[in-house]
Amino acid sequence: MKIRLLLLAIVFLTGAAGALGIKPALAKPQVTAARIGENSERTRFVLELSEDLPYRVFTLPDPFRVVLDLPEVDWALPDDRQPRVRGLISDLRFGLFAPGTSRVVLDVKRPVHLQKVFVIPPRDGKPHRLVIDVEAVSREQYFAAQGSATGEASVSDRPLKPLAETVPPLPPAKPADSRPTVVIDPGHGGVDPGAVGVSGSYEKNLTLAYGEALKAALEATGRYHVVLTRERDLFLKLRERIRLAQEAEGDLFISLHANVHSSGKIRGASIYTLSETASDEEAAALAAAENAADVLAGVNLGDQTGDVRNILIDLAQRETMNLSKKFANDLVREVGRETKLLRNTHRFAGFAVLKSPVVPSILFEIGYMSNRQEERLLRSKAHRDKIVASIIRAIDGYFEKQKAASRS
């Protein structure tokens with residue numbers, strides 16, 4: 001009887017909502033399976049979809065990639081059902097690329113052309129299947145094919161909406177708000193997962209958790225205006241992170257990251273500031289990996305101006321770099337009270353995300369996800385709270401010194 005009454009109530013409420021013009025929330029379309037196959041002529045990539053979706057497929061060179069854009073979807077595959085790379089495909093990434101657009105990036109071992117892209121409608125118990133066939137070509141053949149290097153190669157009959165602007169405009173700051181603005185940048189996101197920990201955890205999720213906790217704790221002090229570069233699992237280009245910090249008129253920019261190392265024994269936090277001359281080989285390699293984030297997400301670098309890739313460190317940046325170093329030294333001291341540090345904790349490298357000429361900026365590697373013990377620590381709330389508290393102490397000390405210097 002109770003079950004019958006409950007069902008009647010659900011029917012009634014659904015009907016009432018419809019009568020009032022209230023539409024139930026629609027679930028996102030889903031990717032329910034993915035697989036890769038090969039033969040002597042081609043490599044085939046197949047996605048099973050919960051519904052027929054518009055798509056856009058294109059290739060990018062140097063490094064060579066195949067990029068698939070779809071409407072925003074849930075990648076509903078368990079970890080043990082992720083496709084194994086084979087044939088011409090050497091790696092695969094997926095995630096939210098821009099509001100309303102999900103992206104799949106297929107790294108390929110050599111130049112390829114799109115041989116065929118088509119959709120198989122549901123049949124024999126199978127859902128909609130989007131099929132991408134690629135074939136190997138020479139570098140000369142690749143660039144000889146008009147439009148294949150930078151343009152769309154295959155689009156559905158029902159066109160996919162254009163990419164939305166990733167970074168929304170910031171609301172105007174209150175004129176009476178004289179508090180310092182702290183910009184927190186959770187590294188990676190969306191189609192760019194960042195480092196992968198020993199447990200399978202993603203750097204992008206870890207940095208967002210730390211960023212959200214730091215924002216909440218800073219706002220709770222009442223002393224700062226706080227901006228997050230991203231508030232969800234969304235990809236941001238490096239230049240967009242810089243632009244957002246500058247548009248927010250940031251007084252301090254903190255980019256949060258976590259590291260991995262081929263040796264599972266390495267652990268410890270480190271802080272980086274900008275220099276075109278890296279402090280050591282490891283710092284140079286880390287900067288190169290982080291600066292490749294746009295490439296990993298399938299961004300066509302050919303249409304970028306020199307504002308990120310070719311920024312030169314000039315006289316106008318010297319004061320900003322000096323302030324960055326001062327905050328980094330404060331942060332090393334405070335973080336060292338709470339967790340293990342790498343030797344030579346304050347390091348230098350040419351991180352693109354730190355190249356704002358007007359906003360003092362640091363990159364904070366919270367620890368190593370490749371160390372099993374430290375990864376567990378990084379994922380714990382207790383450790384996160386300690387790290388957040390140490391960052392706030394460093395921020396407080398930094399701005400207190402700035403005030404004292406301005407009065408003298």
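This is a predicted model: local features need pLDDT of at least 70, side-chain atom pairs count only at pLDDT 80 or more; totals for chains, interfaces and linings use all residues.

Let me begin with helix α8, residues 318-335, which packs against α10 at an angle of about 140 degrees, the two axes lying 8 Å apart. Because angles over 145 degrees would count as roughly antiparallel, that value makes α8 oblique to α10. The crossing of these two helices is right-handed. On the α8 side, the residues that meet α10 are L323, F327, D330, L331, R333, E334 and V335. On the α10 side, they are I387, S390, I391, R393, A394, I395, G397, Y398, K401 and Q402. By class, the residues of this contact divide into 9 nonpolar, 3 polar and 5 charged.

The crossing of α3 over α10 is right-handed. From α3, the contact is made by A209, Y210, A213, L214, A217 and L218. From α10, H383, R384, I387, V388, I391, I392 and I395 take part. The class count for α3 with α10 is 11 nonpolar, 1 polar and 1 charged. Please note I387, I391 and I395 of α10, which are listed in the contact with α3 and are listed again in the contact with α8.

Of its 408 residues, 49% are buried. Among contacts with a separation of 6 or more, 76% are between residues 24 or more positions apart.

Where does S201 sit? It is found in the loop between β11, residues 181-186, and α3. S201 counts as buried, because its relative accessibility is 16% and the cut-off for buried is under 20%. Its side chain is joined to that of E375 by a polar contact of 2.6 Å. Leaving out residues up to four places away in sequence, S201 touches A195, V196, M369, E375 and R379.

Next come two prolines. P54 is placed in the loop between β2, residues 43-49, and β3. With a relative accessible area of 9%, P54 is buried. Which residues does P54 contact, once its neighbours within four places in sequence are left aside? They are D69, L70, P71, S156, R158, P159 and L160. The C-alpha atoms of P54 and L130 are separated by 10.0 Å, and these residues are 76 apart along the chain. The other proline, P63, is in the loop between β3, residues 56-60, and β4. P63 is joined to D62 by a cis peptide bond, with omega about 0 degrees.

Helix α4 has L238, E240, R241, I242, L244 and A245 as its buried residues. This helix is followed by E249, whose phi is positive, near 55 degrees, although E249 is not a glycine. E249 is placed in the loop between α4, residues 238-247, and β13, residues 252-259. The residue is exposed, with a relative accessible area of 62% for E249.

The second case is N344, a residue other than glycine with a positive phi near 50 degrees. In contrast to the loop position of E249, N344 is found in a strand, β15, residues 341-349. N344 is exposed, because its relative accessible area of 61% is over the 50% cut-off.

That concludes my presentation, and I thank you for your attention.

Definitions and conventions: Residues are numbered from 1 along each chain as its sequence is written. Side-chain values use heavy atoms; hydrogens and water are left out. Helices (H or I, at least four residues) and strands (E, at least two) are DSSP runs, numbered from the N terminus. Buried means under 20% relative accessible area, exposed over 50%, partly exposed in between (1.4 Å probe, protein chains only). A crossing is left-handed if the near helix is turned anticlockwise from the far one by less than a right angle, and right-handed if clockwise. Contact means heavy atoms within 4.5 Å. Ala, Val, Leu, Ile, Met, Phe, Trp, Tyr, Cys and Pro count as nonpolar, Asp, Glu, Lys and Arg as charged, and the others, Gly among them, as polar. A polar contact is a pair of N or O atoms within 3.5 Å; within protein, one must be able to donate a hydrogen and the other to accept it, and residues adjacent in sequence count only if both atoms are side-chain atoms. Axes are lines fitted to C-alpha atoms, for helices over the stretch in contact, and angles run from 0 to 180 degrees between N-to-C directions. Angles under 35 degrees count as roughly parallel, over 145 as roughly antiparallel, 65 to 115 as roughly perpendicular and the rest as oblique.
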